[in-house]
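Dear colleague,

I am handing over the structure that you will find just below. Please look through it first, and then read the notes that follow.

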Amino acid sequence: MAFTPRGLEASFFEVLDQHRAFLLAALKRGGEEPAGGGMSLASSSEVLSSIEKIIQDIVTSLARNEAPAFTIDNRSSWENIKFEDSVGLHMVSHCTTRKIKSDSPKSVKNFALILKILSMIYKLVQSNTYATKRDIYYTDSQLFGNQTVVDNIINDISCMLKVPRRSLHILSTSKGLIAGDLKYLEEDGTKVNCTRATVSIIMYLITDAKFLLIVEKDATFQRLLDDNFCNKMSPCIMVTGKGVPDLNTRLLVKKLWDTFHIPAFTLVDADPHGIEIMCIYKYGSMAMSFEAHNLTVPAIRWLGLLPSDIKRLNIPKGTLIPLTKRDQMKLDSILKRPYITCQPFWRKEMEIMADSKMKAEIQALTFLSSDYLSRVYLPNKLKFGGWI
């Protein structure tokens with residue numbers, strides 16, 4: 001579709017258009033769908049049948065005077081994780097498992113909690129109703145202890161049943177935000193124009209955006225909105241997961257890529273935590289590796305803030321922050337991950353950070369001018385291909 005970008009000369013997007021052409025060519029060479037496939041949405045009858053089979057197995061074990069147990073793929077072992085550049089981190093087909101036994105003092109409570117949540121999921125699916133993870137927790141907060149316990153069990157059940165988490169009729173409360181050149185239709189038929197909107201269940205997307213900017217922090221996202229970045233760089237889309245992204249934000253980024261194949265870039269702090277967040281969007285996480293095909297966007301590029309930018313822009317040392325021991329451990333951990341071998345430029349940037357023993361927040365750019373990020377830094381990066 002040919003058009004002249006609003007507010008900018010068409011030539012501004014020349015490098016972005018070339019990058020998009022490169023991404024599309026790579027897709028054609030590798031095939032549209034990543035090797036191995038992912039979890040497809042399961043029908044309600046399939047989910048109910050899977051739960052019924054688990055309960056039947058428990059009854060059979062009891063009839064044999066055997067202690068029932070749940071067998072779950074081990075999501076916390078790198079031995080079970082495979083890396084593919086076209087997918088990211090995903091679980092191998094034949095991985096080691098762990099047992100949640102009903103006769104073990106260490107796991108009997110976890111066994112009971114899994115059974116309880118399974119029964120709740122069964123009722124939700126059967127009645128075609130939905131609940132949030134928070135709703136599940138508050139059904140018996142004293143029993144569960146904390147929200148993390150519920151979150152982990154729901155992920156274990158999703159992995160055990162081999163269905164995406166959203167097929168369980170359990171939703172996450174969205175924390176992400178989206179703005180820019182995007183219109184969509186919600187499930188209830190509501191039409192939304194994304195000037196400022198929360199991430200939700202969406203369908204029928206419409207956009208002319210030339211790029212997607214994924215912003216690590218809400219404060220930076222709000223600053224870019226205040227600077228009218230989306231209008232000045234129109235047509236574009238901005239998304240933030242407000243730190244570590246929730247499932248809905250990751251699903252949205254994935255849907256935008258699958259639907260439009262527009263270049264996607266991350267804007268994160270030049271610190272190990274920011275790099276970790278970028279890696280989650282691009283390659284996924286160990287905890288959700290069983291659903292990687294539905295969540296990762298390996299085409300994402302690192303736009304900034306790069307550690308090399310700190311020296312290049314002469315950002316004073318007084319605005320930098322020393323790496324803590326925890327930062328150094330996180331950085332060492334990322335450098336050892338399998339995807340770093342195919343990202344030599346990322347490695348170089350992280351080595352610059354390790355050598356300097358300093359990190360920088362995006363806000364460090366305000367030393368140059370209050371609007372340097374939106375007026376100079378991002379436009380130049382996007383126009384001249386300053387991503388890795």
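In which strands of the protein chain is confidence lowest and highest? Confidence is lowest in strand S10 (residues 197-198), at a mean of 50, and highest in strand S14 (residues 264-267), at 98; the score is pLDDT, the predictor's confidence in each residue, from 0 to 100, and strands (E, at least two residues) and helices (H or I, at least four) are DSSP runs numbered from the N terminus.

This is a predicted model, in which local features need pLDDT of at least 70, side-chain atom pairs count only at pLDDT 80 or more, and totals for chains, interfaces and linings use all residues. Residues are numbered from 1 along each chain as its sequence is written, and side-chain values use heavy atoms, with hydrogens and water left out.

The mean pLDDT of the protein chain is 87, and 90% of its residues reach 70 or more.

UniProt, in an unreviewed entry, lists Tyr-138 under "active site"; positions from UniProt follow the numbering used here, feature names are shortened, and annotations may be inferred rather than shown by experiment. Tyr-138 lies in helix H4 (residues 133-138), and it counts as exposed because its relative accessibility is 52% (buried means under 20% relative accessible area, exposed over 50%, partly exposed in between, with a 1.4 Å probe and protein chains only).

Pro-235 is placed in the loop between helix H8 (229-232) and strand S13 (237-240).

Best wishes
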